[in-house]
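Here is a short briefing for a first look at this protein. Keep the sequence and the 3D view open as you read.

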Amino acid sequence: MNTLSYKTVSANKKTVNKQWVVVDAEGEILGRLSTKIAMIIRGKNKPEFTPNVDCGDNVIVINADKVKLTGNKFSDKQYVSYTGYPGGQRFISPKELMAKHPTRVIEKAVRGMLPKSRLGKALFGNLHVYAGAEHPHAAQNPKAI
């Protein structure tokens, strides 16, 4: 067997084939949906995955306001943020967050599953979340999943 015929292929910014994907979040469980979205954004579903390159697809999530949380997480779970001032720690439940900003629940879940680096920040830019069924990315001809 000729071992020189097997070459490790590393993707780079020029050779990556990025596509647009639409995901409908209606009736889906938040964590299970978020792992699938994070995997697509990262590019781990592609055979040419390279860990240090943005080789994933652009993901459009619609109906973000209709996502579900199991158990009592909708009222008991707490998102923690800090203003930077003494006594500035803030807590908000998914129920309150869905009332104010329904897209941020999915954004927070997916962001936590991406790398904590410059690459992770760039990958997060490939996520587009919308509360309703409409999105302004029809020109990209996204395929539905």
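**Contacts, fold and pocket**

Among contacts in the protein chain between residues at least 6 apart in sequence, 67% join residues at least 24 apart. The model is predicted. Its chain has 145 residues, and 37% of them count as buried.

**Overall build**

- The protein chain contains five helices and six strands.
- Along the sequence, these elements follow the pattern β-α-β-α-β-β-α-α-α-β-β.
- The C-alpha trace spans about 60 × 40 × 30 Å along its principal axes.

**The largest pocket**

- The volume of the largest pocket is about 210 Å³.
- The lining is made up of 14 residues.
- Nearest the pocket centre lie Ser 81, Ile 92, Leu 97, Arg 104 and Lys 108.
- Helix α4 supplies the largest share of the lining, with four residues.
- By class, six lining residues are nonpolar, six are charged and two are polar.

**Aromatic rings**

- How many aromatic pairs does the structure hold? The count is zero.
- A charge does sit over a ring: Arg 111 lies over the face of Phe 124.
- The distance from Arg 111 to the ring centre of Phe 124 is 3.9 Å.

Technical notes. Residues numbered from 1 in each chain as written. Predicted model: local features only at pLDDT ≥ 70, side-chain atom pairs only at ≥ 80, totals over all residues. Heavy atoms only, no water. Phe/Tyr/Trp six-rings, centres within 6.5 Å; stacked < 30°, edge-to-face > 60°. Lys NZ or Arg CZ within 6 Å of the ring centre and 35° of its normal. 1 Å grid on protein atoms, 1.4 Å probe; cavity = no way out; pocket = protein on both sides within 12 Å on 5 of 7 lines; lining within 4 Å. Points joined across faces, edges and corners; volume = space filled by probe spheres on them. Helix = DSSP H or I, 4+ residues; strand = E, 2+ residues; numbered from the N terminus. Nonpolar A, V, L, I, M, F, W, Y, C, P; charged D, E, K, R; others polar. Buried < 20%, exposed > 50% of the residue type's maximum accessible area, 1.4 Å probe, protein only. Contact = heavy atoms within 4.5 Å.
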